[in-house]
Amino acid sequence: MDAIHDVSMLAYSTYSEAGGVGKTTTAANLAAAHARAGLKPLVVPLDPQDGDLSRLLGVDAQRTESVDNLVRHMIRRPNGEFSDLIRTVDGVDIIPEHNMLSDLAEYLQREKDQAEAMGEAFGMHAQLLRVLREAGVPEEYDVLICDPPATEGPHLYNAIHATRSLVIPVEPSAKGRAAVEGLESLVAGLEEQLDVEVGVLAAVPIGFKDTRDQRKILDEIDYPLPEVIGERSSLMEGCWMEQCSAFTYVREHRDRRRDYELETLAQYDRIARHLEESVGLEAPNPPEPGDLDHEVIA
Ligand SMILES: Nc1ncnc2c1ncn2[C@@H]1O[C@H](COP(=O)(O)OP(=O)(O)O)[C@@H](O)[C@H]1O
Ligand SMILES: [Mg+2]
């Protein structure tokens, strides 16, 4: 099957093989940055754990099995329209995580066994791509962002199969360096296993404190580094508390604007432009980076 971005869509998964690095934070804030520039992003969080993207952006939905959800669509047992799965917040469309994601491997395996018993093929790792294509996502959206879990498995494989590109949050530490070193063999393994080409659009160091060791670690990264994001625990913690993007948090929940936080927002804007440019996508209404008074034209 062809890549989803045949129709000039920007598609990527935020991925790192280390957990707690900033995948979800990166996905949510880049989605917000694409949206405020006038693009239409769809975010597909695939991490079944708590503390996930739909919680961060406050669109957590009902999670009982009878409620229609993405997994049902992936195993060809939809309980409604794809478009009804979507929640929208600040111009970002999201398909909220659902409890059935925890058992995605079993559901896919069962469907595959049944299909094969009927002499049919069923690609366990191509189902997200199929669902998105059948729903017309490449035609309707400018950007697709998947937020898979760190562990290898069908969530990650489906995300990568659908997006073919990665944005890698990196912890600037020895642990982070090991994760980046492991990434190359991981990407090669995924390419072989999925029989697709996987590109790295950018690495995004997060929590940088400008120490000598950290600078050395960043020097060794071979991927494009459009921006290096500093230590912003207070800002990010606030986002989880108020369930919103960093843009909305600073605009609506800070009593005063701090330059270093506005600079972090500007960085998300610039990373978004970098990613858009990498596929020749031009945002119709890009803000001055970090400008919170930018008017979003829907
Ligand atoms: N720039 C930053 N500075 C400090 N903490 C951050 C920064 N970005 C994200 N965090 C925090 O790091 C933790 C893990 O981030 P998260 O995006 O949930 O990672 P992952 O999805 O990789 O598990 C969260 O508590 C988040 O608020
Ligand atoms: Mg996460």
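Predicted model: local features only at pLDDT ≥ 70, side-chain atom pairs only at ≥ 80, totals over all residues.
Colleague: What is the bridge partner of Val 167 in E7?

Modeller: E6 also pairs with E7, in the parallel sense and over six bridges. In E7, the bridge partner of Val 167 is Ala 202.

Colleague: How many of the six residues of strand E6 are buried?

Modeller: Side chains in a regular strand alternate between the two faces of the sheet. In E6, Ser 165, Val 167 and Pro 169 point one way, Leu 166, Ile 168 and Val 170 point the other way, and all are buried. Strand E6 (residues 165–170) is therefore largely enclosed by the rest of the structure, the number of buried residues being six of the six.

Colleague: Is Glu 242 buried, partly exposed or exposed?

Modeller: Glu 242 is found in helix H10 (residues 233–242). Leaving aside residues up to four places away in sequence, Glu 242 touches Tyr 249 and His 253. A residue counts as buried at 20 or more other C-beta atoms within 10 Å and as exposed at 12 or fewer. Because Glu 242 has 14 within 10 Å, the residue is partly exposed.

Colleague: Which elements are included in what covers the buried residues of H11?

Modeller: The buried residues in helix H11 (residues 246–253) are Ala 246, Phe 247, Tyr 249 and Val 250. Their cover includes H1, H10 and helix H12 (259–278).

Colleague: Which element gives the largest share of the shell around ligand 1?

Modeller: Of the 16 residues around ligand 1, Lys 23, Thr 24, Thr 25, Arg 232 and Met 236 come nearest. Two or more residues of the shell are given by each of helix H1 (23–36), strand E7 (199–208) and H10. By class, the shell has five nonpolar, seven polar and four charged residues. The largest share, four residues, comes from H10.

Colleague: How many nonpolar, polar and charged residues has the contact of H5 with H7?

Modeller: Helix H5 (residues 127–134) and helix H7 (residues 154–163) pack at an angle of about 50°, with their axes 7 Å apart. That angle makes H5 oblique to H7. Gln 127, Leu 128, Leu 129 and Leu 132 in H5 meet Asn 158, Ala 159, His 161 and Ala 162 in H7. By class, this contact has five nonpolar, three polar and no charged residues.

Notes. Residues numbered from 1 in each chain as written. Chains lettered and ligands numbered in written order. Axes fitted to C-alpha atoms, helices over the stretch in contact; angles between N-to-C directions. Parallel < 35°, antiparallel > 145°, perpendicular 65-115°, else oblique. Contact = placed C-beta atoms within 7 Å. Nonpolar A, V, L, I, M, F, W, Y, C, P; charged D, E, K, R; others polar. Near = placed C-beta within 6 Å. Pairing = 2+ DSSP bridges.
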